[in-house]
Amino acid sequence: MSNGSRHALGVIAGLLLPPLIALGAVFGVAQVGFTFAREYTVSWAGLGVLALTGVVLAFLLSSRVSPVASLMGSLLFLTLGVLAPLETTLRARVLPDAFLPGILGTGLQTLAYQGIFLVLGTAMLTASLFPSRWRGANRPQQSQPFPPYQGQPYPNQAPPYQHQPEPYHIHNQGHSQGQSPGHQERGPEDVTKPMHRE
């Protein structure tokens with residue numbers, strides 16, 4: 001996959017994944033808090049949604065995904081994270097209660113005022129600034145096969161060594177001394193052979 005295609009897919013991921021992460025975090029926190037406050041029990045559904053939200057967040061911040069996705073997500077979460085301090089400074093209502101229906105509005109207020117959105121936005125922005133994520137993966141260079149030898153010397157190299165068998169010379173000392181060609185000189189006796197007496 002080319003680097004341009006990876007960034008194009010990063011734009012799509014940046015439009016889809018950050019809202020899902022925000023909704024998952026808002027619902028999970030609101031569900032856990034609401035169940036604990038009303039029934040004094042643990043909401044396993046809320047914890048499961050938070051766990052899935054963490055998985056999607058890890059995928060968004062991974063090095064395989066284009067940093068465009070995390071950069072777009074950081075803009076969303078930084079905006080939500082700045083609205084709560086802005087309300088306190090201006091003493092005006094910036095996040096309306098009816099922005100999200102039901103307990104989702106409560107979860108949004110909780111994450112915004114506790115600074116969770118600001119933490120997520122800062123993490124996504126920092127992960128987008130690494131130069132290695134903007135560069136594409138380095139493709140390994142394919143090794144070219146060595147050209148076959150065709151009788152011409154290799155460029156800048158010595159020709160391959162070719163073994164030339166030496167001619168086989170038969171030295172017949174007996175023939176040169178006047179003996180018959182079939183006569184073979186006996187070598188020294190093998191003293192290791194056992195001796196048998198008749």
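**Exercise 1. Overall make-up**

What percentage of the 198 residues in the protein chain is made up by buried residues? Describe as well the elements of the chain.

*Solution.* The model is a predicted one, and in it buried residues make up 26% of the 198 residues in the protein chain. Turning to the elements, the chain has seven helices and zero strands, and from the N terminus on they run α-α-α-α-α-α-α. As for contacts, among those between residues at least 6 apart in sequence, 70% join residues at least 24 apart.

**Exercise 2. The largest nonpolar core**

Identify the residues that touch the most other members of the largest nonpolar core, and state which helices supply it.

*Solution.* Begin with the membership: the core holds 21 residues, of which Ile 21, Val 26, Leu 60, Phe 77, Phe 117 and Met 124 touch the most other members. Next, assign the supply to helices: H1 (3–39), H2 (44–61), H3 (67–90), H4 (103–113) and H5 (116–127) each contribute at least two residues to this core, and H1 gives the most, with six residues.

**Exercise 3. The packing of H1 against H2**

Determine how H1 and H2 are oriented to each other, and describe the residues of their contact.

*Solution.* Two packed helices are described by the angle between their axes and the distance between the axes. For H1 and H2 the angle is about 155°, and the axes are 8 Å apart. Because angles over 145 degrees count as roughly antiparallel, H1 is roughly antiparallel to H2. The crossing of these two helices is left-handed. On the H1 side the contact includes Leu 17, Pro 18, Ile 21 and Gly 24, which meet a set of H2 residues including Gly 46, Leu 47, Val 49 and Leu 60. By class, the residues of the contact of H1 with H2 divide into 14 nonpolar, five polar and no charged.

**Exercise 4. The packing of H3 against H5**

Carry out the corresponding analysis for H3 and H5, giving their angle and the distance between their axes.

*Solution.* H3 and H5 pack at an angle of about 155°, with their axes 7 Å apart, and the two helices are therefore roughly antiparallel to each other. H3 passes H5 in a left-handed crossing. Among the residues that make the contact are Ser 70, Leu 71, Phe 77 and Gly 81 of H3, together with Phe 117, Leu 118, Gly 121 and Met 124 of H5. The residues of the contact of H3 with H5 divide into nine nonpolar, six polar and no charged.

Note on methods. Residues are numbered from 1 along each chain as its sequence is written. This is a predicted model: local features need pLDDT of at least 70, side-chain atom pairs count only at pLDDT 80 or more; totals for chains, interfaces and linings use all residues. Side-chain values use heavy atoms; hydrogens and water are left out. A nonpolar core is a set of buried Ala, Val, Leu, Ile, Met, Phe, Trp, Tyr and Cys residues joined through side-chain atoms within 4.5 Å. Buried means under 20% relative accessible area, exposed over 50%, partly exposed in between (1.4 Å probe, protein chains only). Helices (H or I, at least four residues) and strands (E, at least two) are DSSP runs, numbered from the N terminus. Axes are lines fitted to C-alpha atoms, for helices over the stretch in contact, and angles run from 0 to 180 degrees between N-to-C directions. Angles under 35 degrees count as roughly parallel, over 145 as roughly antiparallel, 65 to 115 as roughly perpendicular and the rest as oblique. A crossing is left-handed if the near helix is turned anticlockwise from the far one by less than a right angle, and right-handed if clockwise. Contact means heavy atoms within 4.5 Å. Ala, Val, Leu, Ile, Met, Phe, Trp, Tyr, Cys and Pro count as nonpolar, Asp, Glu, Lys and Arg as charged, and the others, Gly among them, as polar.
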